[in-house]
Amino acid sequence: MKVAVFSTQSYDKEYFNLVNEKFNHEFVFLEPSLNADTAILAKGCGGICAFVNDKVDEKTLEILHQSGVNTIVLRCAGFNQVDLEAAKKLGVKVYRVPSYSPEAVAEHATAMIMTLNRKTHKAYNRVREGNFSLERLIGFNLHGKIAGVIGLGQIGLAFAKIMHGFGCEVIAYDPVVEKTPSFIKLADLDTLMTTADLISIHCPLNEHTHHLMNRKRFDQMKKGAMLINTSRGAILDTHAAIEALKQGKLGYLGIDVYEQEDKLFFRDLSESLIEDEQILRLMSFSNVLITAHQGFFTTEALTEIAQTTLLNLSHAEDGFSDAEKSSADPNRLV
Ligand code: NAI
(Lines give C-alpha, C1' and ligand atoms only; values in the text may rest on other atoms or scores of the structure.)
Protein backbone atom coordinates (compact mmCIF):
# COMPACT_ATOMS: atom_id res chain seq x y z
CA MET A 1 0.00 0.00 0.00
CA LYS A 2 1.15 3.55 -0.64
CA VAL A 3 1.28 5.24 2.74
CA ALA A 4 1.89 8.84 3.83
CA VAL A 5 3.88 8.78 7.07
CA PHE A 6 3.21 11.97 9.02
CA SER A 7 5.50 13.48 11.71
CA THR A 8 8.43 11.50 10.29
CA GLN A 9 11.68 11.54 12.23
CA SER A 10 14.96 10.04 10.97
CA TYR A 11 14.50 6.92 13.13
CA ASP A 12 10.98 6.29 11.72
CA LYS A 13 12.45 6.22 8.20
CA GLU A 14 15.33 3.99 9.28
CA TYR A 15 13.22 1.34 11.03
CA PHE A 16 10.35 1.37 8.52
CA ASN A 17 12.74 0.94 5.57
CA LEU A 18 14.62 -1.83 7.37
CA VAL A 19 11.48 -3.80 8.24
CA ASN A 20 9.87 -3.09 4.83
CA GLU A 21 12.40 -5.43 3.19
CA LYS A 22 10.01 -8.23 4.27
CA PHE A 23 6.90 -6.31 3.14
CA ASN A 24 6.22 -4.39 -0.02
CA HIS A 25 4.72 -1.09 1.02
CA GLU A 26 5.53 2.28 -0.49
CA PHE A 27 6.18 5.11 1.93
CA VAL A 28 5.94 8.86 1.45
CA PHE A 29 7.78 10.26 4.46
CA LEU A 30 6.41 13.64 5.54
CA GLU A 31 7.85 15.83 8.29
CA PRO A 32 4.70 17.88 9.08
CA SER A 33 2.32 16.58 11.70
CA LEU A 34 -1.15 15.55 10.59
CA ASN A 35 -4.09 17.92 11.01
CA ALA A 36 -6.85 19.37 8.85
CA ASP A 37 -4.35 21.70 7.10
CA THR A 38 -1.83 19.01 6.21
CA ALA A 39 -4.17 16.07 5.49
CA ILE A 40 -4.19 16.94 1.77
CA LEU A 41 -0.52 15.88 1.57
CA ALA A 42 -1.80 12.28 1.67
CA LYS A 43 -3.52 12.65 -1.74
CA GLY A 44 -2.75 9.63 -3.88
CA CYS A 45 -2.08 7.36 -0.90
CA GLY A 46 -4.38 4.55 0.27
CA GLY A 47 -3.20 4.82 3.85
CA ILE A 48 -1.59 7.15 6.34
CA CYS A 49 0.59 6.48 9.34
CA ALA A 50 0.18 8.77 12.36
CA PHE A 51 1.92 9.25 15.72
CA VAL A 52 0.92 10.45 19.20
CA ASN A 53 0.54 14.18 18.52
CA ASP A 54 -1.10 13.99 15.11
CA LYS A 55 -4.69 15.27 15.19
CA VAL A 56 -6.93 12.74 13.55
CA ASP A 57 -10.19 14.58 14.26
CA GLU A 58 -13.41 14.55 12.24
CA LYS A 59 -12.37 17.31 9.83
CA THR A 60 -8.96 15.71 9.18
CA LEU A 61 -10.63 12.35 8.61
CA GLU A 62 -13.06 13.83 6.09
CA ILE A 63 -10.19 15.38 4.09
CA LEU A 64 -8.21 12.14 4.22
CA HIS A 65 -11.25 10.16 3.11
CA GLN A 66 -11.94 12.55 0.21
CA SER A 67 -8.27 12.20 -0.80
CA GLY A 68 -8.66 8.42 -1.13
CA VAL A 69 -7.31 7.28 2.24
CA ASN A 70 -9.15 4.27 3.66
CA THR A 71 -6.61 3.00 6.20
CA ILE A 72 -4.96 4.65 9.19
CA VAL A 73 -2.15 2.91 11.02
CA LEU A 74 -1.03 4.43 14.31
CA ARG A 75 2.59 3.71 15.19
CA CYS A 76 1.76 3.91 18.89
CA ALA A 77 -0.42 2.24 21.53
CA GLY A 78 -2.56 5.21 22.68
CA PHE A 79 -5.38 6.27 20.33
CA ASN A 80 -6.85 9.29 22.14
CA GLN A 81 -5.78 11.45 19.13
CA VAL A 82 -8.26 9.72 16.78
CA ASP A 83 -12.00 10.33 16.48
CA LEU A 84 -12.94 6.66 16.16
CA GLU A 85 -16.65 7.38 15.73
CA ALA A 86 -15.97 9.64 12.76
CA ALA A 87 -13.60 7.05 11.25
CA LYS A 88 -16.26 4.37 11.62
CA LYS A 89 -18.90 6.53 9.92
CA LEU A 90 -16.56 7.15 6.98
CA GLY A 91 -15.56 3.49 6.76
CA VAL A 92 -11.89 4.29 7.42
CA LYS A 93 -10.04 1.41 9.09
CA VAL A 94 -7.88 2.30 12.08
CA TYR A 95 -5.10 0.12 13.46
CA ARG A 96 -2.66 0.62 16.32
CA VAL A 97 0.27 -1.16 17.95
CA PRO A 98 -1.33 -2.26 21.23
CA SER A 99 1.80 -3.84 22.60
CA TYR A 100 5.46 -3.20 21.95
CA SER A 101 8.00 -3.68 24.63
CA PRO A 102 6.10 -2.43 27.70
CA GLU A 103 9.45 -2.75 29.47
CA ALA A 104 10.78 0.19 27.42
CA VAL A 105 8.33 2.61 29.07
CA ALA A 106 8.48 0.94 32.50
CA GLU A 107 12.28 1.16 32.48
CA HIS A 108 12.14 4.84 31.45
CA ALA A 109 9.78 5.58 34.35
CA THR A 110 12.33 3.88 36.60
CA ALA A 111 15.16 5.93 35.10
CA MET A 112 13.19 9.09 35.94
CA ILE A 113 12.69 7.92 39.52
CA MET A 114 16.38 7.16 39.95
CA THR A 115 17.46 10.47 38.40
CA LEU A 116 15.10 12.55 40.55
CA ASN A 117 16.01 10.58 43.65
CA ARG A 118 19.80 10.19 43.38
CA LYS A 119 20.33 13.35 41.28
CA THR A 120 22.78 11.68 38.91
CA HIS A 121 22.17 14.45 36.32
CA LYS A 122 23.45 17.02 38.79
CA ALA A 123 26.36 14.84 39.94
CA TYR A 124 27.41 14.35 36.30
CA ASN A 125 27.56 18.09 35.67
CA ARG A 126 29.27 18.81 38.99
CA VAL A 127 32.04 16.27 38.48
CA ARG A 128 32.71 17.52 34.94
CA GLU A 129 33.31 20.96 36.46
CA GLY A 130 35.65 19.56 39.10
CA ASN A 131 33.04 19.93 41.85
CA PHE A 132 33.21 16.78 43.98
CA SER A 133 30.96 18.07 46.77
CA LEU A 134 27.98 15.94 47.85
CA GLU A 135 26.02 18.88 49.26
CA ARG A 136 22.29 18.69 48.29
CA LEU A 137 22.71 15.41 46.38
CA ILE A 138 21.13 13.29 49.12
CA GLY A 139 18.51 10.76 48.03
CA PHE A 140 16.48 8.02 49.69
CA ASN A 141 16.41 4.22 49.57
CA LEU A 142 13.68 2.83 47.35
CA HIS A 143 13.85 -0.36 49.38
CA GLY A 144 10.95 -0.41 51.84
CA LYS A 145 9.02 2.44 50.17
CA ILE A 146 5.45 2.16 48.90
CA ALA A 147 5.18 2.38 45.11
CA GLY A 148 1.69 3.19 43.76
CA VAL A 149 0.82 2.18 40.20
CA ILE A 150 -2.17 3.78 38.47
CA GLY A 151 -3.25 1.53 35.60
CA LEU A 152 -2.10 -2.07 35.85
CA GLY A 153 -1.98 -2.96 32.16
CA GLN A 154 1.12 -4.12 30.31
CA ILE A 155 3.34 -1.17 31.21
CA GLY A 156 1.98 -0.84 34.76
CA LEU A 157 2.66 -4.52 35.41
CA ALA A 158 6.21 -4.31 34.00
CA PHE A 159 6.79 -1.27 36.20
CA ALA A 160 5.34 -3.03 39.28
CA LYS A 161 7.78 -5.93 38.75
CA ILE A 162 10.73 -3.52 38.68
CA MET A 163 9.57 -1.76 41.85
CA HIS A 164 9.11 -5.13 43.55
CA GLY A 165 12.70 -5.96 42.56
CA PHE A 166 13.86 -2.79 44.33
CA GLY A 167 12.18 -4.07 47.51
CA CYS A 168 9.21 -1.68 47.38
CA GLU A 169 5.76 -2.57 48.61
CA VAL A 170 3.61 -2.30 45.46
CA ILE A 171 0.01 -1.12 45.48
CA ALA A 172 -2.06 -0.54 42.36
CA TYR A 173 -5.30 1.12 41.31
CA ASP A 174 -7.05 -0.16 38.21
CA PRO A 175 -10.87 -0.13 37.89
CA VAL A 176 -10.81 -3.11 35.52
CA VAL A 177 -8.16 -5.46 36.91
CA GLU A 178 -9.41 -7.95 39.51
CA LYS A 179 -6.51 -10.39 39.86
CA THR A 180 -2.85 -9.55 40.27
CA PRO A 181 0.40 -11.38 41.07
CA SER A 182 0.67 -11.83 44.85
CA PHE A 183 3.30 -9.08 45.28
CA ILE A 184 0.82 -6.40 44.14
CA LYS A 185 -1.99 -5.20 46.42
CA LEU A 186 -5.00 -3.70 44.67
CA ALA A 187 -6.25 -0.48 46.31
CA ASP A 188 -8.77 2.25 45.61
CA LEU A 189 -7.41 5.54 44.32
CA ASP A 190 -7.89 7.37 47.66
CA THR A 191 -5.83 4.73 49.50
CA LEU A 192 -3.13 4.77 46.84
CA MET A 193 -2.87 8.57 46.89
CA THR A 194 -2.62 8.79 50.68
CA THR A 195 -0.19 5.93 51.28
CA ALA A 196 2.26 5.81 48.35
CA ASP A 197 5.73 7.36 48.55
CA LEU A 198 5.98 7.36 44.78
CA ILE A 199 3.22 7.14 42.21
CA SER A 200 3.57 6.22 38.55
CA ILE A 201 0.77 6.73 36.02
CA HIS A 202 0.19 3.99 33.42
CA CYS A 203 -3.49 4.34 32.46
CA PRO A 204 -4.76 5.59 29.08
CA LEU A 205 -6.05 9.13 28.53
CA ASN A 206 -9.83 9.18 28.19
CA GLU A 207 -12.80 11.14 29.57
CA HIS A 208 -12.39 9.43 32.97
CA THR A 209 -8.66 10.04 33.31
CA HIS A 210 -8.43 13.61 31.96
CA HIS A 211 -6.90 15.62 34.86
CA LEU A 212 -7.14 12.54 37.09
CA MET A 213 -4.19 14.04 38.96
CA ASN A 214 -5.75 17.29 40.10
CA ARG A 215 -5.66 19.58 43.13
CA LYS A 216 -7.73 17.15 45.23
CA ARG A 217 -5.33 14.32 44.45
CA PHE A 218 -2.25 16.44 45.24
CA ASP A 219 -3.86 17.41 48.59
CA GLN A 220 -4.23 13.69 49.36
CA MET A 221 -0.59 12.85 48.64
CA LYS A 222 2.03 12.35 51.33
CA LYS A 223 4.09 15.51 51.69
CA GLY A 224 7.21 15.18 49.55
CA ALA A 225 5.96 12.20 47.52
CA MET A 226 7.12 11.62 43.94
CA LEU A 227 4.86 11.55 40.86
CA ILE A 228 5.89 10.10 37.50
CA ASN A 229 3.81 10.43 34.34
CA THR A 230 4.91 8.51 31.26
CA SER A 231 1.36 7.97 30.05
CA ARG A 232 -0.34 11.02 28.51
CA GLY A 233 0.10 14.68 29.44
CA ALA A 234 -3.53 15.60 30.03
CA ILE A 235 -3.91 13.01 32.80
CA LEU A 236 -2.03 15.55 34.90
CA ASP A 237 -3.52 18.99 35.62
CA THR A 238 -0.30 20.93 35.02
CA HIS A 239 -1.49 24.05 36.84
CA ALA A 240 -2.37 22.00 39.95
CA ALA A 241 1.01 20.23 39.76
CA ILE A 242 2.85 23.57 39.69
CA GLU A 243 0.88 24.76 42.76
CA ALA A 244 1.65 21.49 44.60
CA LEU A 245 5.36 21.89 43.75
CA LYS A 246 5.34 25.50 44.99
CA GLN A 247 3.76 24.39 48.28
CA GLY A 248 6.33 21.60 48.70
CA LYS A 249 3.50 19.06 48.76
CA LEU A 250 4.76 17.38 45.61
CA GLY A 251 8.37 16.48 46.36
CA TYR A 252 9.41 15.36 42.89
CA LEU A 253 7.77 15.35 39.47
CA GLY A 254 8.97 13.36 36.46
CA ILE A 255 7.09 13.78 33.19
CA ASP A 256 7.75 12.17 29.84
CA VAL A 257 4.49 13.59 28.50
CA TYR A 258 2.99 17.07 28.69
CA GLU A 259 -0.48 18.50 28.08
CA GLN A 260 0.73 20.91 25.36
CA GLU A 261 3.50 18.67 24.05
CA ASP A 262 2.22 18.78 20.47
CA LYS A 263 3.67 22.30 20.14
CA LEU A 264 7.04 21.37 21.67
CA PHE A 265 8.08 17.75 21.66
CA PHE A 266 9.95 15.96 18.87
CA ARG A 267 11.45 19.28 17.72
CA ASP A 268 14.74 21.09 18.32
CA LEU A 269 13.61 24.44 19.74
CA SER A 270 16.99 25.31 21.28
CA GLU A 271 17.31 28.43 19.09
CA SER A 272 13.63 29.42 19.36
CA LEU A 273 11.56 31.42 21.78
CA ILE A 274 9.51 29.04 23.92
CA GLU A 275 6.19 30.71 24.61
CA ASP A 276 4.61 28.01 26.78
CA GLU A 277 4.69 29.58 30.27
CA GLN A 278 3.75 26.36 32.06
CA ILE A 279 6.63 24.30 30.72
CA LEU A 280 9.02 27.17 31.44
CA ARG A 281 7.74 27.23 35.04
CA LEU A 282 8.13 23.46 35.33
CA MET A 283 11.66 23.70 33.93
CA SER A 284 12.53 26.18 36.68
CA PHE A 285 12.05 23.62 39.50
CA SER A 286 15.14 21.63 40.45
CA ASN A 287 12.93 18.71 41.55
CA VAL A 288 11.20 18.39 38.18
CA LEU A 289 12.57 16.18 35.41
CA ILE A 290 11.12 16.50 31.91
CA THR A 291 11.87 14.17 29.01
CA ALA A 292 10.26 14.69 25.61
CA HIS A 293 8.14 11.54 25.16
CA GLN A 294 11.04 9.10 24.91
CA GLY A 295 9.63 6.27 27.02
CA PHE A 296 9.12 4.13 23.90
CA PHE A 297 12.50 5.01 22.44
CA THR A 298 14.51 1.77 22.45
CA THR A 299 15.83 -0.31 19.57
CA GLU A 300 13.58 -3.20 20.58
CA ALA A 301 10.45 -1.04 20.74
CA LEU A 302 11.14 0.73 17.41
CA THR A 303 11.65 -2.62 15.70
CA GLU A 304 8.41 -4.01 17.14
CA ILE A 305 6.48 -0.84 16.27
CA ALA A 306 7.68 -0.97 12.64
CA GLN A 307 6.94 -4.70 12.34
CA THR A 308 3.40 -4.43 13.73
CA THR A 309 2.59 -1.25 11.77
CA LEU A 310 3.68 -2.80 8.46
CA LEU A 311 1.81 -6.00 9.29
CA ASN A 312 -1.30 -3.92 10.06
CA LEU A 313 -1.00 -2.37 6.58
CA SER A 314 -0.80 -5.83 5.03
CA HIS A 315 -3.85 -6.96 7.02
CA ALA A 316 -5.75 -3.89 5.79
CA GLU A 317 -4.97 -4.95 2.22
CA ASP A 318 -5.73 -8.67 2.54
CA GLY A 319 -8.86 -10.51 1.47
CA PHE A 320 -10.94 -10.96 4.65
CA SER A 321 -14.30 -9.25 4.98
CA ASP A 322 -14.39 -6.14 7.19
CA ALA A 323 -16.48 -7.91 9.83
CA GLU A 324 -14.07 -10.85 9.99
CA LYS A 325 -11.10 -8.54 10.22
CA SER A 326 -12.33 -6.31 13.01
CA SER A 327 -13.40 -9.22 15.22
CA ALA A 328 -10.28 -11.33 14.57
CA ASP A 329 -7.63 -8.63 14.64
CA PRO A 330 -6.76 -7.25 18.09
CA ASN A 331 -4.76 -4.39 16.51
CA ARG A 332 -7.79 -3.02 14.67
CA LEU A 333 -9.78 -0.29 16.45
CA VAL A 334 -12.51 0.26 13.82
P1 NAI B 1 -2.86 -1.19 28.68
O2 NAI B 1 -4.12 -1.02 27.92
O3 NAI B 1 -2.16 -2.49 28.67
O4 NAI B 1 -3.11 -0.78 30.21
C5 NAI B 1 -3.83 0.32 30.64
C6 NAI B 1 -4.47 -0.04 31.96
O7 NAI B 1 -5.08 1.15 32.49
C8 NAI B 1 -5.57 -1.11 31.84
O9 NAI B 1 -5.33 -2.18 32.73
C10 NAI B 1 -6.83 -0.35 32.21
O11 NAI B 1 -7.78 -1.17 32.89
C12 NAI B 1 -6.29 0.74 33.10
N13 NAI B 1 -7.19 1.86 33.28
C14 NAI B 1 -8.19 2.28 32.45
N15 NAI B 1 -8.83 3.33 32.99
C16 NAI B 1 -8.23 3.57 34.18
C17 NAI B 1 -8.46 4.52 35.21
N18 NAI B 1 -9.46 5.40 35.13
N19 NAI B 1 -7.67 4.48 36.29
C20 NAI B 1 -6.68 3.56 36.41
N21 NAI B 1 -6.44 2.62 35.46
C22 NAI B 1 -7.19 2.64 34.36
O23 NAI B 1 -1.89 -0.02 28.15
P24 NAI B 1 -0.31 0.05 28.28
O25 NAI B 1 0.31 -0.58 27.10
O26 NAI B 1 0.11 -0.37 29.62
O27 NAI B 1 -0.08 1.63 28.10
C28 NAI B 1 -0.55 2.56 29.05
C29 NAI B 1 -0.42 3.96 28.50
O30 NAI B 1 0.97 4.30 28.38
C31 NAI B 1 -0.95 4.14 27.06
O32 NAI B 1 -2.35 4.41 27.08
C33 NAI B 1 -0.17 5.33 26.59
O34 NAI B 1 -0.91 6.50 26.86
C35 NAI B 1 1.10 5.32 27.43
N36 NAI B 1 2.30 5.08 26.63
C37 NAI B 1 3.33 5.95 26.72
C38 NAI B 1 4.48 5.76 26.00
C39 NAI B 1 5.65 6.70 26.10
O40 NAI B 1 6.54 6.66 25.23
N41 NAI B 1 5.74 7.55 27.11
C42 NAI B 1 4.62 4.62 25.08
C43 NAI B 1 3.51 3.69 25.13
C44 NAI B 1 2.38 3.93 25.87
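Predicted model: local features only at pLDDT ≥ 70, side-chain atom pairs only at ≥ 80, totals over all residues.
**Stop 1**

Select residues 10–19, helix α1, together with residues 299–317, helix α11. Their axes come within 9 Å and cross at roughly 60°. That angle makes α1 oblique to α11, and the crossing is right-handed.

Now show side chains at the crossing. From α1, the contact uses Y11, Y15, F16 and V19. Colour the contact residues by type: 7 are nonpolar, 4 are polar and none is charged.

**Stop 2**

Move to residues 58–66, helix α2. Which residues of this helix are buried? They are T60, L61, I63 and L64. Look down the axis of α2: the buried residues fall within an arc of 165°, so they line one face of the helix. Turn to the other side of α2 to find K59 and Q66, which are exposed.

Then select G68, which follows α2 and has a positive phi, near 100°.

**Stop 3: a buried loop residue**

Select T230, in the loop between β10 (225–229) and α9 (238–246). Is T230 buried or exposed? Its relative accessible area is 8%, under the 20% cut-off, so T230 is buried.

Next, show what surrounds T230. Leaving aside residues up to four places away in sequence, T230 touches V105, H108, A109, M112, I201, H202, D256 and V257.

**Stop 4: positive phi without glycine**

Two further loop residues remain. K119 is in the loop between α4 (102–118) and α5 (120–128). Its phi is positive, about 55°, although K119 is not a glycine. With a relative accessibility of 11%, K119 counts as buried.

Finish at F266, in the loop between β11 (250–255) and α10 (277–283). F266 is likewise a residue other than glycine with a positive phi, here near 65°. Its relative accessibility is 22%, and F266 therefore counts as partly exposed, the class that lies between under 20% and over 50%.

How values were computed. Residues numbered from 1 in each chain as written. Heavy atoms only, no water. Axes fitted to C-alpha atoms, helices over the stretch in contact; angles between N-to-C directions. Helix = DSSP H or I, 4+ residues; strand = E, 2+ residues; numbered from the N terminus. Parallel < 35°, antiparallel > 145°, perpendicular 65-115°, else oblique. Left-handed = near helix turned anticlockwise from the far one by under 90°. Contact = heavy atoms within 4.5 Å. Nonpolar A, V, L, I, M, F, W, Y, C, P; charged D, E, K, R; others polar. Buried < 20%, exposed > 50% of the residue type's maximum accessible area, 1.4 Å probe, protein only. Arc of directions from axis to C-beta.
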